[in-house]
Amino acid sequence: MSETILQHARAHERNVVRFLRDLIAIKSVSSQEGDVVRRVAQEMLESGYDEVRIDGMGNILGRIGDGPRVIAFDAHVDTVDVGNPANWTVDPFQGDERDGIIYGRGACDMKGALASIVYGGRLIKELDLAADCTVWVVGSVQEEDCDGLCWQYIINEGELRPEAVVISEPTNLAVYRGHRGRMEIEVRTSGISCHGSAPERGVNAVYRMAPIIADVERLNERLGGEPFLGKGTVTIAEIRSTSPSLCAVADSSTIHLDRRLAATDTLESAVREIEDLPSVKAAGAKVVVLDYAVPSWTGLVYPTKKYYPTWHIEETTPQVTSAVAGYKAALGEEPVVSYWVFSTNGVSICGMYGIPVIGFGPGHEKFAHFPNEEIDIEHLTRAAAFYAGFAIEYAKTPVPAKK
């Protein structure tokens, strides 16, 4: 079976490369994904998908089959922007192909994976590999701005609720079974402005913030966790202040915290740790978990808290065992099983809704958000074969009990 799947994937290799280069050529930062979504819809239809639709948020959903076992493959269609163009030696939107590697913004994160899951779905259909399954291939939006929001919409609005999801973020062709969560928190201090020539007449909000900054650094050193995903972290990503003018005392100061959540952390515990810092209490500072309410490319606003829960599943679950067996079936090898360092749509799919998730994607995560972003063509082919192999193996597992 491994030879059949992989050979069929190799037969489509140039189609996958062509498709990926087309995707890279379409700029699609968060909330501006309409053109790339339409290009994905075209490829799905030409690949013989049984149903292709775009939902109210702008996610693209393609269906293969109509069996009772429902699984989904997810890749977000948005990318971060280019950053400093001087750091690039290739055109970020050309999809350059050199020596078996494709370069360009989104090549690794994660238009390469998007091309692979679309063709993984095509393999499943052409080889009739999962007759008992309904397979959904999802191109999700706004992930770079707010991971998991797309799947909050998909699940809450009744678009789809699969029994297992494969997230195709880059894993270097390893099987991943979890990652830490995260939160975006602001700490705000206030002061009283006055003329900068006599600062003693006012209260400087930046000076009130200074000991908080030191306390946050020390908090990071003592945060705990558990053996698999490791410890939580906190770091200051931004600091800003306001004043009536540049010759006045600052009357407000804000720090933006990137808080990575261990499996032992909760939203409440993470907020409490900041609120309990002596410097926060002394300054009367306000601790706020931020909200996200940015229109999608369709104009839909779907507000949520910037709280993205930690998730992981055990190695003995059918999703992980099917991934391992599917890897062997498609590629004839034993996979590495590990976890992501960064965050994915799994924060909502598994972290909020308890739907088991595994990760498997082409490319190495070190190239995500990197200038001269790249992906190996061989990874694209092997990933497409894996997705077909996973569907075969998962269809053999017992139907999960209804919750």
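Predicted model: local features only at pLDDT ≥ 70, side-chain atom pairs only at ≥ 80, totals over all residues.
Student: Why is the pair Trp340 and Phe342 called stacked?

Tutor: Let's set the values against the cut-offs. The ring centres of Trp340 and Phe342 are 6.4 Å apart, with 20° between the planes. Rings pair if their centres lie within 6.5 Å, and planes under 30 degrees apart count as stacked, so Trp340 and Phe342 form a stacked pair. The structure holds 16 aromatic pairs.

Student: What makes Trp340 count as buried?

Tutor: Its relative accessibility is 1%, and buried means under 20%. Trp340 is therefore buried.

Student: And why is the pair Phe360 and Tyr387 called edge-to-face?

Tutor: Here the planes stand at 90° and the centres are 6.0 Å apart. Planes over 60 degrees apart count as edge-to-face, so that is the name for Phe360 and Tyr387.

Student: Why can we say that this pair ties together parts of the chain?

Tutor: Phe360 lies in the loop between strand 21 (357-359) and strand 22 (374-376), whereas Tyr387 belongs to helix 11 (residues 377-395), so the parts they tie together are 27 residues apart in sequence. Both Phe360 and Tyr387 are buried. They also belong to a cluster linked by ring pairs, with Phe73, Tyr327, Phe386, Phe390 and Tyr394 as the other members.

Student: How do you know that the charge of Arg177 sits over the ring of Phe228?

Tutor: The charged end of Arg177 is 3.8 Å from the centre of the Phe228 ring. The distance cut-off is 6 Å, and the charge must also be within 35 degrees of the ring normal. In another case, Arg98 lies over the face of Tyr103, at 6.0 Å from the ring centre.

Student: What makes helix 5 mostly covered?

Tutor: Of the 8 residues in helix 5 (residues 149-156), 7 are buried. They are Leu149, Cys150, Trp151, Gln152, Tyr153, Ile154 and Ile155. The elements they pack against include strand 3 (69-76), strand 6 (133-140) and helix 10 (346-349). Just after helix 5, Gly158 takes a positive phi of about 75°.

Student: Which residues touch the most other members of the largest nonpolar core?

Tutor: Phe73, Val118, Trp151, Ile358, Phe360 and Phe390 do, in a core of 94 residues. Helix 11 gives the largest share of this core, 13 residues. Apart from this core lies another of 21 residues, among them Leu223, Val234, Leu277 and Ala283. As for Ile358, the residues it touches include Val165, Tyr176, Ile313 and Phe386, leaving out those up to four places away in sequence.

Student: Why is Ala198 called buried, even though it lies in a loop?

Tutor: The loop in question runs between strand 10 (181-190) and helix 6 (205-222). Ala198 has 5% relative accessibility, and the limit is under 20%, so Ala198 counts as buried.

Student: How do you know that Glu43 and Arg18 form a salt bridge?

Tutor: Their side chains meet at 3.0 Å, N to O. The cut-off is within 4 Å, so the contact between Glu43 and Arg18 qualifies. Glu43 lies in helix 3 (residues 34-46) and Arg18 in helix 2 (residues 13-25), so the bridge ties together parts 25 residues apart in sequence. The structure holds 31 salt bridges.

Student: Are the two partners buried or partly exposed?

Tutor: Glu43 is buried, at 1% relative accessibility. Arg18 has a relative accessible area of 34%.

Student: What makes Glu333 and Arg382 a salt bridge?

Tutor: Their closest N and O atoms are 3.1 Å apart, and the limit is within 4 Å. Glu333 lies in the loop between helix 9 (318-331) and strand 20 (337-338), and Arg382 lies in helix 11, so parts 49 residues apart in sequence are tied together. At 38% relative accessibility Glu333 is partly exposed, whereas Arg382, at 12%, is buried. Through shared partners, salt bridges join Arg10, Glu333, Glu378 and Arg382 into one network.

Key
Residues numbered from 1 in each chain as written. Heavy atoms only, no water. Buried < 20%, exposed > 50% of the residue type's maximum accessible area, 1.4 Å probe, protein only. Helix = DSSP H or I, 4+ residues; strand = E, 2+ residues; numbered from the N terminus. Contact = heavy atoms within 4.5 Å. Core = buried A, V, L, I, M, F, W, Y, C linked by side-chain atoms within 4.5 Å.
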